[in-house]
Amino acid sequence: MFPLPEPVRRLAAWCAVLLLVAGVGWVGVRLCGELRTAVTPVLLALLGTALLGPLYRWLVRAGVQASLAAGLTCAAVVAVVGGAVYIVVTALVDSGAQILAALRDAAKGVARHFGAAGTGLDDLTAKVPELLRRFGGTAASNVVSGVGVVAESIAMAVLALLLVFFFLRDSHRALAALRALAPGDSADTLEAIARRAFAAVEGFMRGTTLIALIDALCITVGLLILGVPGALGLGALVFVGAYIPYLGAFLSGAVAVLVALADRGLVIALWTLGVVLAVQVLEGHVLQPVIQSRTVRMHPAVVLVALTAGASVAGILGMLLAVPVTAAAFGAGAELRNRSQAPPDGHPGQHG
């Protein structure tokens, strides 16, 4: 029996490693899917902790006791998030009628220009109330399940808020437990990896929130100047969509352009498209490099693949969590790479 050549053995070893990693990853994803009611609040709490960490640390440095500082931080986030949700929902509700009216006018315009085919579209818009009444019984039969989903969402939100409190207050204990569980002399390495991964998520959350706010303000001002109906609601949609990189900006911008086309015509729609594209250029060439220059910067292809994977696993929630989780993985990988390239004396970048 002849032994396999060395290249073939190396290839077989790498294939075995890849299969093992893929298998462990698949089992982990399936477990997270089965335990999503418990896993989702933990992930959301980690994102909230990353975003609120600076405020908590500022309160502690100001002399506030740790538990009180964590409680004040959670109270602040409830107030801010509650207020933001109220503003966004109010803006969308107030502008919803304008947006629907604009789309209805567009349908009538299509009916005038395209004859029978457009008339069918106009008839469809006129029959929407009847269709809604016809399907009302089906919707009513789903009320119980809908209430269950709402109750589950509220429970997960409350659990995530409580976890944010404990994560903020007891972060030092988590590091101590991680060091205690570390095998051998790997405690320093595991702590460094955890810190680097969390720093990547923290920077991503802060940077994304600031970029989302600037994008929403710029687009809202542009839509108000152009007289596009529902400018506040569309701006709120831009702010929310900014947490889904690339795809969220594309969808919210497309909605703004369609509303402008339906209500104000082709010229204003082109100006709206110009505003959206200008804001995206500003984000891609100025805001992203300046605001997130100290965080893990990922290639757009990596982000799109992460979004696709997150959507296939957990839908919209998976899309929201995919990029922060990928940023944490990139941060951990960068720390491992730096440590593997460090000289034997343990000081990376210094050569004797």
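I will take salt bridges, then the aromatic rings, the cysteines and finally the pocket.

Keep in mind throughout that this is a predicted model.

Let me start with charge. Side chains of opposite charge can pair when their charged atoms come close. How many salt bridges does a search of the whole structure find? The search gives 10. I will go through three of them.

As for the surface, Glu6 is partly exposed at a relative accessible area of 38%, while Arg10 is exposed at 55%.

Now move to helix α9, residues 187-226. Glu191 and Arg195 both belong to this helix, again four residues apart, or about one turn. Their salt bridge has its closest N and O atoms 3.0 Å apart. Is Glu191 buried or exposed? Glu191 has 16% relative accessibility, and the cut-off for buried is under 20%, so Glu191 counts as buried. Arg195, with 48%, counts as partly exposed.

Helix α9 also holds Glu202 and Arg206, four residues apart and so separated by about one helical turn. The side chains of Glu202 and Arg206 form a salt bridge at 3.6 Å, N to O. Here Glu202 is buried, with a relative accessible area of 11%, and Arg206 is partly exposed, with 38%. Back at Glu191 and Arg195, there is a network to point out: salt bridges with shared partners link Arg179, Asp188, Glu191 and Arg195 into one network.

Next, the rings. A pair of aromatic rings is described by the distance of the centres and the angle of the planes. The structure has one aromatic pair. It is made by Phe165 and Phe166, with 5.3 Å from centre to centre and 75° between the planes. Why is it called edge-to-face? Because the planes are 75° apart, and an angle over 60 degrees counts as edge-to-face. Phe166 itself is partly exposed, at a relative accessible area of 40%.

Cysteines will be brief. A disulfide is a covalent bond between the sulfur atoms of two cysteines. The count of disulfides here is zero.

Rolling a probe the size of a water molecule over the atoms shows where empty space is left. I will show the second largest pocket, whose volume is about 1600 Å³. Its lining has 48 residues, and those nearest its centre are Leu43, Leu46, Val201, Val325 and Ala328.

Where does the lining come from? At least two residues each are supplied by α1, α2 (36-61), α7 (143-169), α8 (171-181), α9 and α13 (300-340). Which helix gives the most to the lining? That is α13, with 14 residues. Sorted by class, the lining of the second largest pocket has 31 nonpolar residues, 10 polar and seven charged.

That is the end of my list.

Conventions
Residues numbered from 1 in each chain as written. Predicted model: local features only at pLDDT ≥ 70, side-chain atom pairs only at ≥ 80, totals over all residues. Heavy atoms only, no water. Phe/Tyr/Trp six-rings, centres within 6.5 Å; stacked < 30°, edge-to-face > 60°. Buried < 20%, exposed > 50% of the residue type's maximum accessible area, 1.4 Å probe, protein only. Salt bridge = Lys/Arg side-chain N within 4 Å of Asp/Glu carboxyl O. Disulfide = S-S within 2.5 Å. 1 Å grid on protein atoms, 1.4 Å probe; cavity = no way out; pocket = protein on both sides within 12 Å on 5 of 7 lines; lining within 4 Å. Points joined across faces, edges and corners; volume = space filled by probe spheres on them. Nonpolar A, V, L, I, M, F, W, Y, C, P; charged D, E, K, R; others polar.
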